[in-house]
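Subject: Structure handover

Hello,

Here is the structure I promised to pass on. Please load it before you read the rest.

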Amino acid sequence: MNAYRLTAADGSQYESSVPGSLGGYRPGKIYGRLDCPSANRYLANGHYHQHRVFFAGEPEAIAAGYRPCGKCLPEQYAAWKAGGTVRTAGYPWHTAPAPISAKA
């Protein structure tokens, strides 16, 4: 049996027999699809392997404080950027964090 290391809603990591459906970049607190062209380009160039995390689904990523990727999840990213809500397939609406306003 394969063991996969996933990130829970509280940010802790746990072993799972089921692989994650989303990948994330820990320092940027970004999550996206496993086939994300942006993430795969960085990974192919040898970047951020040590910062990669995986989530079972969007609810866990959002609860852990991650935001959607602008490349592979443009609709979710636009909703997050606007300070609205992020819709996850089959799950209730999740309130996105308010955008950071520029200080003068």
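Below is what was found in it, from the overall layout down to single residues.

**Overall layout**

Keep in mind that this is a predicted model. The protein has 3 helices and 8 strands. Along the sequence they follow the pattern β-β-β-β-α-β-α-β-α-β-β. The chain has 104 residues, and 32% of them count as buried. Take the contacts with a separation of 6 or more: residues 24 or more positions apart account for 49% of them.

**The open sheet**

There is an open sheet of 4 strands. Its order is β5-β3-β4-β6, and the pairing is mixed. The edges are β5 and β6 (67–68), each of which pairs on one side only. β3 covers residues 22–25 and runs antiparallel to β5, with 4 bridges joining the two.

Y4 stands opposite S16 of β2. The two strands form a hairpin with 5 residues between them. Within that hairpin, G11 takes a positive phi near 90°.

N2 sits in the segment before β1 (4–7). Is N2 buried or exposed? Its relative accessible area is 52%, so N2 is exposed, the cut-off being over 50%. Leaving aside neighbours within four places in sequence, N2 is in contact with S16 and S17. N2 and P19 are 17 residues apart in sequence, yet their C-alpha atoms are 8.8 Å apart in space.

**Helix α1**

α1 spans residues 37–44, and its buried residues are S38, A39 and L43. Why do the buried residues line one face of the helix? Seen down the axis of α1, they fall within an arc of 130°, so they line one face. The general rule behind such patterns is that an α-helix has 3.6 residues a turn, so residues three or four places apart point the same way. What covers the buried residues of α1 includes β5 (52–55).

P37 also lies in α1. With a relative accessible area of 45%, P37 is partly exposed. P37 and K71 are 34 residues apart in sequence, but 7.5 Å apart from C-alpha to C-alpha. After the helix comes G46, with a positive phi near 85°.

Two residues deserve a check of the backbone. K29 is not a glycine, yet has a positive phi of about 55°. K29 is found in the loop between β3 and β4. At 34% relative accessibility, K29 counts as partly exposed.

Y48 is the other one to check. Its phi is near 50°, again a positive value in a residue other than glycine. Y48 is found in the loop between α1 and β5. Where K29 is partly exposed, Y48 is buried, with a relative accessible area of 13%.

**The largest pocket**

A probe the size of a water molecule, rolled over the atoms, shows where empty space is left. The largest pocket has a volume of about 180 Å³. It is lined by 17 residues. Which of them are closest to its centre? They are I30, S38, A39, Y48 and C69.

β3, β4 (30–33) and α1 each supply at least two residues of the lining. The largest share comes from β4, with 4 residues. By type, the lining divides into 8 nonpolar, 5 polar and 4 charged residues.

**Where to start**

Begin with Y48, which is buried and is among the residues closest to the centre of the largest pocket. Then turn to α1, whose buried residues line one face.

Best wishes

Notes: Residues numbered from 1 in each chain as written. Predicted model: local features only at pLDDT ≥ 70, side-chain atom pairs only at ≥ 80, totals over all residues. Heavy atoms only, no water. Buried < 20%, exposed > 50% of the residue type's maximum accessible area, 1.4 Å probe, protein only. Arc of directions from axis to C-beta. Contact = heavy atoms within 4.5 Å. Pairing = 2+ DSSP bridges. 1 Å grid on protein atoms, 1.4 Å probe; cavity = no way out; pocket = protein on both sides within 12 Å on 5 of 7 lines; lining within 4 Å. Points joined across faces, edges and corners; volume = space filled by probe spheres on them. Nonpolar A, V, L, I, M, F, W, Y, C, P; charged D, E, K, R; others polar.
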